[in-house]
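Welcome! Please take a moment to look over the sequence and the 3D structure below, and then we can walk through them together.

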Amino acid sequence: YCTADNPANNEGDCPNGDWATYSHNIAKPDCVELGWSRDNHLGNGVSGWANSYNWRLPETNDALTCVFRMRYNISTNDYAPWNTFADENGANSPIEDNPTVDVGNGVNLALALNTDQYFRTFEDRSSTFTIKPRPSEVPNDAQIYNLNIKGQRGNIVQNFPSVEYDFTPAQI
């Protein structure tokens, strides 16, 4: 993070070398590709269950406030994905940067379109949480599970396109 009075989110934009990092003497986190999921099926994988990642949290003697940041991109179907191939890149691309569109009556509308970013939507989900020490009454060799909730209250029609309120993981 940038320690200067600057909202920079990377070392290159942080002035005077005021960039700081924390390691807490733990290994770097995994950066993995999530399993396949069909479009518009709320992350359900080939197993029929929601894709997930089993994360073993570090043990601590002190409460730790942590930041969890998940970034992902979503490719869209704004073009024919199964019928668009590499030979349609460059001059043959079905789209172009900053095109001008005739909207009628001789009026042209310039669209701010960057083809490098067109088919992708980047999402950034960040949250904070606290890792607490193991309670003294829980044996050291006992596994602790994080049973959580997902979705929204209401039936599937009321909260579309979310999922109904449920526990996660569904199987322990």
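How many helices and how many strands are there in the protein? There are zero helices and six strands, and along the sequence they follow the pattern β-β-β-β-β-β. Helices (H or I, at least four residues) and strands (E, at least two) are DSSP runs, numbered from the N terminus.

A word on what you are looking at: this is a predicted model, where local features need pLDDT of at least 70 and side-chain atom pairs count only at pLDDT 80 or more, while totals for chains, interfaces and linings use all residues. Residues are numbered from 1 along each chain as its sequence is written, and side-chain values use heavy atoms, with hydrogens and water left out. The pLDDT is the predictor's confidence in each residue, from 0 to 100. Its average over the protein is 77, and 81% of the residues score at least 70.

Next, the surface. Of the 172 residues, 8% are buried; buried means under 20% relative accessible area, exposed over 50%, and partly exposed in between (1.4 Å probe, protein chains only).

Where can you find one of the buried residues? Thr60 counts as buried because its relative accessibility is 15%. A polar atom of its side chain lies 2.5 Å from the backbone oxygen of Asp62. Leaving aside neighbours within four places in sequence, Thr60 is in contact (heavy atoms within 4.5 Å) with Ile131, Lys132, Pro133 and Arg134.

Move on to strand 1 itself, which holds Met70. Met70 counts as partly exposed because its relative accessibility is 39%.

Some backbone details are worth a visit too. Most residues other than glycine have a negative phi, and most peptide bonds are trans. Asn98, in the loop between strand 1 and strand 2 (100-102), has a positive phi near 45°. In the loop between strand 2 and strand 3, Asn105 also has a positive phi, of about 55°. Asn105 counts as exposed because its relative accessible area is 84%. Finally, look at the segment after strand 6 (166-168), the place of Pro169. A cis peptide bond joins Thr168 and Pro169, with omega about 5°.

Conventions: Polar contact = N/O pair within 3.5 Å; in protein donor to acceptor, adjacent residues only side chain to side chain.
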